[in-house]
Amino acid sequence: MSEIAKDLHTEHMVINMGPSHPVTHGTVKFLVTLDGETIEDLKVEIGYLHRGFEKMCESGTWYQVFPYTDRLNYVSPLINNVGYALAVEKLIGIDVPERCKYVRVIACELSRIADHMTNVAAGGLELGAFTAFLYFVEARELVWDLIEMLCGARVTTNYVRIGGLKNDLPDGFKQKTLEVFKRCRVLWSDVNKLLTKNRVFIDRVRDVGTMPAEEAIAYGFTGPCLRACGVPYDVRKANPYLVYDRMDFEVPIGETGDNFDKYLVRMEEINQSMRIVEQALEQLPGGPINVDMPYYRWQSKDDIYNRIDSLIFHFKTVIEGIKPPPGEVYLAVESGNGELGFYLVSDGSGKPYKCRVRPPCFPLTAAMPRMMKGRLIADIVPTFDMINMIGGECDR
Amino acid sequence: MSEYIHVLIMLVLAAATAGGMLVATSLIGPKKSFIDKMEPFECGESPIVSPKLRFSVKFYLVALFFVIFDIEAVYAYPWAVLFKELGLFGFIEMMIFLTILAIGLIYVWRRGALEWDR
Amino acid sequence: MVSLNSYLILGAMLFSIGAVGVFTQRNALIIYMCIELMLNAVNLTLVAFSRFLNNLDGHVFVFMIMTVAAAEAAVGLSIIISLFRNKPTVNVDDINLSKG
Amino acid sequence: MVADLIESVAKIVFIFSINLGFFAPILGWVERKQSAVMQDRIGANRANIGKFTIIGLFHPIADAVKVLTKEDFVPAGANKFFHTLAPFICLVPAIATFSVIPFGGQYELFGHHVNLVIADLDVGILFVFALTSLATFGVVLAGWSSRSNWSLLGGLRASAQMLSYEVAMGLAIIGIIMVFGTLKLSEIGAMQENFLHWGIFIQPLGFILFFTCAVAENKRVPFDVPEAESELVAGYFTEYSGLKFVMFWMSEFLEIVTISGILTTLFLGAWHIPFVTDAMLLSFFQFAGPNGATILAMLVNIATFFAKVIFFIWLQMTIRWTLPRFRYDQVMRLCWKMILPLSLINISITGLVLLLWIK
Amino acid sequence: MQLLMFYLLGLGAVVAALIMVTNKRPVRAAMSLIATMSFLAGLYVLLDAHLIAALQLIVYAGAIMVLFLFVIMLLNIEEKEGRLAGSALLWQMIAIAVVGLVFVLMVSVVKLSDNVVPLGEAAALFGTTRAVGKMLFTEYLLPFEIASVLLLAAIVGAVILAKRRIDDSDQ
Amino acid sequence: MTQFDGKGSQVTVGVPAGRLKPKRVRRNLDLTLWEKLYVFEIIRGMYVTTKHFALNMLGFVLPPRGKKRSVFTVYYPDEKVVLPPAYRGRPVLVMRPDGTERCVACGLCETACPGHAISIVGAERENGERYPLSYVLDMTRCVYCGFCEEVCPKEAIVMSSEYQGLAETDRSRMRYSKEQLLRSEESVKGRIEYIRRIYSKCNY
Amino acid sequence: MGSIKGRLGALRRSGQELLDSGEAERLLGGSVLFTKVESVVNWARKYSFFLYPFVTACCGMEFMSVAGPKYDLDRFGAALPRFSPRQADLLMVVGTISHKQAPVLVKVYNQMTEPKWVFAFGVCAVSGGFYDNYATVQGIDTLIPVDVYVPGCPPRPEMVIDGLMKLQEKVAQERWSDWPRGAAPVTDEAKLTEC
Amino acid sequence: MDASVTLQRLTERFGDSILETHSYRGDDTAVVKKEDIVALCTFLRDDGKLLYNFMMDLTAVDYLGREPRFEVVYHLYSLRYNRRVRIKAGVPESDCSIDSIVPVWIAADWFEREVFDLYGIAFNGHPDLRRLLLYEGFEGHPLRKDYPVKKRQPLIGPIN
């Protein structure tokens, strides 16, 4: 008894924070050991949204994986779509037409805008700035209108196909996009005014969750969180895929890797992404959007309706699935949270033998204890927000 | 005195309202209790420790400073009311008083008793 | 009309209750509270006298007593906390200063 | 005597009904609607009786009835008496505090002296502090008696915060008391008849400090760390359900009204219209005869007072929906290292200026 | 009216005080003491001590008792039951008897002195902030200044006592 | 465990700086006095929210041209958003003018459906034409991916723009039978044209 | 899925109630006043849902939208998220519930105070959706009684509002004797002990 | 060719333990013996010409019916040289364990736990080898090819 109570100061309180706690997004549990308000120890438990993504992929055809990728990072589903499609195309060894590449870039960047907006908005919400949250939700709603116009769904888009896209850009898309961006920029600057220079906000996020660059690399950080540490690593620049090498955009980097840097990087990336979309719309070439390989890209309905051989071939590809050659590839794209890698193994059958995702927020979440030890319990809120842990991606 | 009776009436009315609410809510409304429900909420898990632990001594220090500075404020009220009558003399008087307590504030500040994140 | 005596008797009652508490309670904190109660009883007497003698000295006294009570509570409770660190009890029988 | 009685009853009934019958329910609605319009949405507007929805004004009623029929919950192991007592202690001072705030001036009506304040106490503002200091116990008890970790943390935070800001609040108004030389709120109000003598012009720093402290004392954003839902679920009232939980809210709303009332009285010229003296008002209404003019002037004064109160309510709501919240240690640091020294400085400067002024 | 109020408040104070001394649970004791103090504030109002009544609530009920409550919760001694040793019991009995005797003595002195001073109408400014303040800042100037030194001493002492362990553990 | 010097020294990146174009977003580490004073930035924030408030209030009184009000909200059951032609609502079966379904129960949609929401029992008419004896769509499993529409060789199942009335209080009512799924050709004409266009040869 | 109703009925029979349903009918049934009170209470309840957002997955994005400016759940009086189950009326299960999450969901449901409703948001909550595998609960109605199912992956905000209005209709027809509902059917016997 | 630098350096240094190298679709791959994995990884991280400071991904593949049955796959990235490499190490079912590379890259911590959870491959020397995604008490390892997709092991409630 006296041993425990000997020192009043080191009396600890162990609290379950999560899984069903507003800050943990319902999908993670922090086991927090508190001394007063200070975090002595933090254990992270994930897996509350483990839905067996890889197992489901292995039991479906290559095409049927697309809906599952939508739900990996459900904040930016299009990037997941594109990443998976690129990986399969790399496995097969096909190159998609120019126009398709541009449209994919537009889709990716729209998705990234929505992702960062959601993230900053949620960060604001959990720090109590409800109005900033709703301004960005409003802006995101507009971006989603664009995505819906393009893909036919708001969140789970299922838009990209192996060797192409489901459909082309709709009419009037460019004009609508420019209109939407105009309003988005207004809302962006409103949020900027509400948060960026507001000392209450700065006090909350600055010097919290700092991470030295080397340590961040060792922990496997990628994306905005790594760039906030001052490392300008961006897959779009390092290994340009699609037509990112033709786009003129800057990579925002921070200095200390604290939450304020992460926030600033994300805010700036929204701007850069809007620039990219505008450039891509400007440079958009004509031409087809799908590869002319009926075996890998499901055939056009014209052929199916009119030609019996096409119809039979269609039945074969749908029922058996397309069959990429045996082999394995790893392909990384820059998703909202960082490097999203797809590692595919094909055994030459119609189903993926192995479809592994390298989730960008997985290492970020793993570094939570490192970032939180010795801080206050309230610091969990901005830190966890700014690493933007997405359950679907982290737990798969 | 009549003013205080008004206060009393107000207090009684307030108490009656609040009490009435408590009684009403305890009478109306369905009730059902079982162990799982009666456990304190902890994000859908069972609590690991009971909250009957001792908490940090910092909270005690806050209450302590509060007591001291509250007394200070209490002395300041009559002084503020009388300020114009007491004039310079009263001002100096109070400044000495405040300075001595400001020393106390600076002491606790220096001592780090006002630091919450250690 | 209430007479001075009534106030004095009330003060005496409260004082005695406090005194009894000091002797019967084993819990150092409650003993402390009893002392506060005794101080309050004295305050009541002072205010009553002041009112009946129409002299404000009593009020100033009460003012001072409050100050002292606050200072005393601050230090006294800190002492209890200090003692508690050495031995986790507030039972006055168990607190033995010589053993530390 | 009869007139006195009528006056008292009228005042009490008026304040009681305007607080509990008007402000308490309507503020929930205002908070929802105002935040909604600020955020480009519309807010509650669907509850209907028959065909009428009257811009969502039925929603507070629906909330009230629903909350009343909600299960009354006391967690196992909690001290039932204290658990029930806590919201009671929170609510009673919140209702009663308004009794010392003057909502109009003093008038001669039918030969009877009317003072539009329920209790014109000599210690006026101190009474407010006395009652708010009691409200702290409600929060401490709520956190302590719930036997939940979140409640305990929230209760501790709340109590430490309320205590700290009580001190700062007490010191922040010393300046204005020095200027007016009284604690009686009705006198302070009467002294601000001249527009340029409003407290906000005489004591701008004191105003900001007091306003900040008052918001913090009421635990509203950005100072809502004790009930910060992203940190502590619901803070000290995590384990409260139904009406008991709403009682905490009601006390919060009533405190908004009280704070606005005090701010109006101390800093914004109480019931006075800028540049309009009482005499001017009376002469303006001369057409209604002496008593009629007084009644009209009284009504105008009451309306002015409540308009100012509503302005402050609006201001507090805007702040609440604009800012993120502080971290706990920052709240405490702000109090002890910024507001407290600043209010001490404010006292010294006020003293010096006043001394020079008098000479 | 005044008589009624006196008896109500006095009864309340005594009952709450009794609850306090007979209680073994510190939180309940503290809450009862707060009640006693609030009733006493009412009594002060009856005695026209306006300022003192407000201060009673602010300082005693609002500040000192919070400190008590915090210490109770800080030390978490809710469950502790005081136990009585045999010899201690005897001593207690004796003590109670002595206290009772003293009480009877006091009451009889009061009664015998028989100065049933009726409560006159108080002066207009009696007990107001202004009057008490005037007294405090002129006649009782020295105690006022000494009070500040006392408070300083209290704050330093308390911080040293309470914070000692924190600094130790830091090193 | 790996040790770090904790200085966070610069890390060399193997991408040419001309391509990388890094941009420092953190302008200064210290706040200006203006920002330190809380109040002014708070007032600026309040200006933003008040601006929204005022504009929206004005929008109720003087609605902007072509709109009922300037608030962003759609009053849903009374007003509805305009859906783009690409929108994928719930799948429906297309009915020929004679009341029979276009579906020939080939089972492609059943195969392509990732959630296995479709189950078909095929049969043959007297004229040798295949048709689905029962066509059950389990709405509790449907994820609106649109694969059924994409693989269907007969334009028999399309994603309509319907989204209303899908909520149920009973899960058993969410398995839609053929009769509940059938829609006349007229009502889904727009969608059929849309899919003809997007899956046509020229888009490939 | 008639079994839900059956299970509820069984629960009601086994549970302790304020008034036995039959007795309530006998005492107050047919009484105009009681029906009136009932309808007033139901009216209030249906316009004042305090949500407990049990947000786990993709549907959370749409949940943000529903609460956001465009669709504004607040219009239906349901915009006040309470993260303490004691204060919430409507458990919004938004997203996939895995087997690891299931006990948490049940616990939160059990800890809610009466009256309480459950809203299954999205196909994953309704049936497990297309995650028909080792990790996912095949519909939350295998764990707790559900009042409204909203399909869609994720549902459009309009569908959610439809579902909410459906729930409002359902609430409007409830009887006083429908409450309390008690624990989730899958709760351990040990945790059900009255106390 | 820039891509093969890594494989060349590796073969020079660890000739014996490299079982096979290839660059399918431009992905440099080295299949290595599992005994040398820690030394190899340390070399990859520290060698001045390689500097693979990122451990991007760690996973396993179950080749049921092949020997060795499992393959642990590491994806590394060098920020300095902007290169990627894939290292594979076979793990037989009979001795289902491999040395942990947490001492080399701290990022491997959770990745290894995940592989342990889903494939049942033990990592020797891992500081805290517990299940990560699934709960304690889950039997079997679901990503193994012989684990049926729909085999459910719920914590509570009916299996359905």
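Start by selecting α2 of chain D and α3 of chain G: α2(D) passes α3(G) in a left-handed crossing (the near helix is turned anticlockwise from the far one by less than a right angle). Helices here are DSSP runs of H or I, at least four residues, numbered from the N terminus. For your selection, that's residues 58–68 of chain D and residues 32–46 of chain G, packed at an angle of about 115° with axes 7 Å apart. Axes are lines fitted to C-alpha atoms over the stretch in contact, and angles run from 0 to 180 degrees between N-to-C directions. The two helices are therefore roughly perpendicular (65 to 115 degrees).

This is a predicted model, so local features need pLDDT of at least 70 and side-chain atom pairs 80 or more, while totals for chains, interfaces and linings use all residues. Residues count from 1 along each chain as written, chains are lettered from A and ligands numbered from 1 in written order, and side-chain values use heavy atoms, without hydrogens and water.

Now show side chains. On α2(D), pick F58(D), I61(D), A62(D), V65(D) and K66(D); they meet V40(G), V41(G), W43(G), A44(G) and R45(G) of α3(G), with contact meaning heavy atoms within 4.5 Å.

Next, jump to chains E and C, where 82 residues of chain E touch 73 of chain C. Which salt bridge is there to find between D48(E) and chain C? Select D48(E) and R51(C): their closest N and O atoms are 3.0 Å apart (the cut-off is a Lys or Arg side-chain nitrogen within 4 Å of an Asp or Glu carboxyl oxygen). The rule finds one salt bridge across this interface.

Notes: Angles under 35 degrees count as roughly parallel, over 145 as roughly antiparallel, 65 to 115 as roughly perpendicular and the rest as oblique.
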